[in-house]
Amino acid sequence: MHLARVIGTVVATVKSPGLEGVKLLIVQPLDREKKPIGTPVVAADGVAMAGPGELVTFVASREAALACPQTFVPVDHAITGIVDQLTVQPSSPGGDS
């Protein structure tokens, strides 16, 4: 599971069967300090409530296909939750975070 910020929306007039009614959002992956990492990706809104500016969790690959209302749809990323609060413990020097 990864952390991201919703930064935009995608409009698709034609979608693959099983994705009708599912919002597609552009999310920017974030590190543990909420700083952008990598490039933005398109994610299906598996919770049907996410919107621009929100902090969300998302999954990729096979897990993304399972996170949508109809399973095994052709998606690479899917939003699985909206983050209400985030507390990050400081990492120890030389330790894994």
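These legends describe close-up views of a predicted model. Local features need pLDDT of at least 70 and side-chain atom pairs count only at pLDDT 80 or more, while totals for chains, interfaces and linings use all residues. Residues are numbered from 1 along each chain as its sequence is written, and side-chain values use heavy atoms, with hydrogens and water left out.

**View 1. The chain holds one helix and five strands.** The order from the N terminus is β-β-β-β-α-β. Helices (H or I, at least four residues) and strands (E, at least two) are DSSP runs, numbered from the N terminus. The C-alpha trace spans about 50 × 25 × 25 Å along its principal axes. Of the 97 residues, 35% are buried (under 20% relative accessible area; exposed is over 50%, partly exposed in between; 1.4 Å probe, protein chains only).

**View 2. K23 and D45 form a salt bridge.** The N to O distance is 3.4 Å. A salt bridge places a side-chain nitrogen of Lys or Arg within 4 Å of a carboxyl oxygen of Asp or Glu. The pair links distant parts of the chain, 22 residues apart. K23 lies in the loop between β1 (2-10) and β2 (24-30); D45 belongs to strand β3 (residues 41-45). K23 is partly exposed, at 37% relative accessible area. D45 is buried, at 3%.

**View 3. R32 and E33 form a salt bridge.** Their side chains meet at 3.7 Å, N to O. R32 is partly exposed, with a relative accessible area of 31%. E33 is also partly exposed, at 48%. A search of the whole structure finds two salt bridges.
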